[in-house]
Amino acid sequence: MSDLLSVTGLTKRFQSGGGLFQRPRAMMAVREVSFTLARGEVLGVVGESGCGKSTLARLVLRLIEPTGGELRFDGTDLRALSPAALRKMRQRMAMVFQDPYSSLDPRFTLAQILAEPFAVQGQTPPDPGAMLETVGLPATMAQSHPHQLSGGQRQRVGIARALALSPDLVVLDEPTASLDVSIQAQIVALLTRLRQDRGLTYLFISHDLGLVRYFCDRVLVMYLGAVVEVLPRADAPPRHPYTAALQASAFVPDPAQRRTLAALTGEIPSPFDLPPGCAFAGRCPRASDLCRTRRPALDQGPHPVACFHPLKD
Amino acid sequence: MNFPVMKAFRHPIPALSALWLVLVILAAILADLSPYDYDIQALSEAYRSPSAAHWLGTDEFGRDLLTRLIHGARTSLSVSVTAIAISVACGMALGAAAAWFGGWFDRAVTVTVDLTWSFPEILIALILVAIIGPGTTGTMVAIAVAYLAQFTRLTRAQILTLKGETFIEAARSLGAGNTHILTRHLLPNALAPVLVSAMLATGDAIILEATLGFFGLGAQPPVPSWGGMMSAGSALIFKAPWIIIFPGLMVAVTVVAINLAGDALVASLDIKAKLRGPI
């Protein structure tokens, strides 16, 4: 399998404040993130809210300008593309958004929403009914407005819009997070079917470890903007104490299997003011003095982890 | 306009208001059908109180008051509506540009708008009429500028809110350019609240037009305007009170009708906004 997407040292620094009497504060939303995504693969990105996973999704699609790093899509350097070339390239990469309520223009009919990708690329839109049917909606809905649809139906429209131009890469930014559990399963099933039918490659952003385990081939675990572990298989045992804590906090549907939740103690450090050592050291049961003074780098190997005291496999 | 908007006018008060507005507009359009002329003086007929021949009486030059009132409607309505239309167009462009470009341009627009906002509209209008000169063009421009801040502010706020919506990011992720996002998403979504506020502002503009007319700065004689007629009648308030009462009533009832109809429109659009539906 060839790499469809290759990301090296991707960094995003946000500046805020900076008025008359205030020095601007910088925050590293995404810090030196590197990964590759093979054609046809599903790569999960998990982490708590605020860990930079949504920013990463937008950086990959160049919806936000990176501060540093390299971004290659199918061999092309995305950061070197002219605005016109980037616009054309957008046919090959699409995004499904978290909130299906605000991701569709309330004034548009479904037919207009599905015609938009073609309109902005200067193409003639095909029959919207057929596009609705590929995501399991009746073709007769084409003249409806989004407010007449349920959340799950809207998300299906969002998926149909993302797939309209037959992209290679689809970035899924928590596509099920704002849906009911029963609807979540339907959407995941739809995404699985579409991937098989069309050979899609997914970058799947989520905070739901259970879903990621079911859906993804490999998983990046992010903490405060940096990748702390890359799980080579979605069900691989964690090596980083943070991943272990995340997995331990996941809700187990079977009551017999439930353990007492090992809640993480301590506060997440402010992203504006990161400690010098490992960002997780303050909450980590295995932290030593070394962790508090030096920042561990992601080691290279079959199961990379950024930790001085990883758990045994 | 589709069904839910029309529903707002099913209740008696909004319906009566709309009916009154339709009547005034029809009268203004058909003003020339009156058997009298608005500018021919007949001094022998002066100061007639309301009668079968002159329904609302005659003024100090013997001109039929009703005829002058409906010709005045033509002046007042066309000046106010045109002024508000100019104001809305410029305000939307300015507000959208400020919200879109941000930076120093946004700050400059915001500061200017806040400054003009702190002056009474009548003061801005008086200064502008003094510069441009009295007459319908002068009052039109003056009213348009006086209300510019309101529409600029409203559009800017709307666009700023809409800019953060995910559907804008979604359009961008598909490869949409700035023109597409502005004309297909931002402006159409900002339009409804601006139009409702424009309707309510038209009521205020009629009062402002009448005020300028009262000061003798509006349409110049013999062309009638409601404010000008009130001004002429004010000197004769004890001798021939109908000369000032009827134009005054006309302004009051028309403005109240606009506000009531506008309120009904706001209420009906709010319901739609909750559903996040189209206008």
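Colleague: How many helices and how many strands does the secondary structure of chain B come to?
Modeller: This is a predicted model. From the N terminus on, the elements of chain B run α-α-α-α-α-α-α-α-α-α. The count for chain B is therefore ten helices and zero strands, with helices taken as DSSP runs of at least four residues.

Colleague: What box do the C-alpha atoms of chain B fill?
Modeller: The box is taken along the principal axes of chain B. Its dimensions are roughly 75 × 45 × 25 Å.

Colleague: What percentage of the residues of chain B count as buried?
Modeller: Buried means under 20% relative accessible area. Chain B has 279 residues, and the buried share of them is 47%.

Colleague: How many Å apart are the mean positions of the positive and negative charges of chain B?
Modeller: Chain B has 16 positive and 16 negative charges. The distance between their mean positions is 11 Å.

Colleague: Which residues have the most contacts inside the largest nonpolar core?
Modeller: The largest nonpolar core has 57 residues. Those with the most contacts inside it are A:Val157, A:Ile159, A:Tyr202 and A:Phe215.

Colleague: Which residues does A:Ile159 touch, not counting residues up to four places away in sequence?
Modeller: A:Ile159 is one of the residues with the most contacts inside the largest nonpolar core. With residues up to four places away in sequence left out, A:Ile159 touches A:Val96, A:Val135, A:Ile187, A:Leu190, A:Leu191 and A:Leu194.

Technical notes. Residues numbered from 1 in each chain as written. Chains lettered and ligands numbered in written order. Predicted model: local features only at pLDDT ≥ 70, side-chain atom pairs only at ≥ 80, totals over all residues. Heavy atoms only, no water. Helix = DSSP H or I, 4+ residues; strand = E, 2+ residues; numbered from the N terminus. Buried < 20%, exposed > 50% of the residue type's maximum accessible area, 1.4 Å probe, protein only. Lys, Arg positive; Asp, Glu negative; His and termini not counted. Charge placed at Lys NZ, Arg CZ, Asp CG, Glu CD. Core = buried A, V, L, I, M, F, W, Y, C linked by side-chain atoms within 4.5 Å. Contact = heavy atoms within 4.5 Å.
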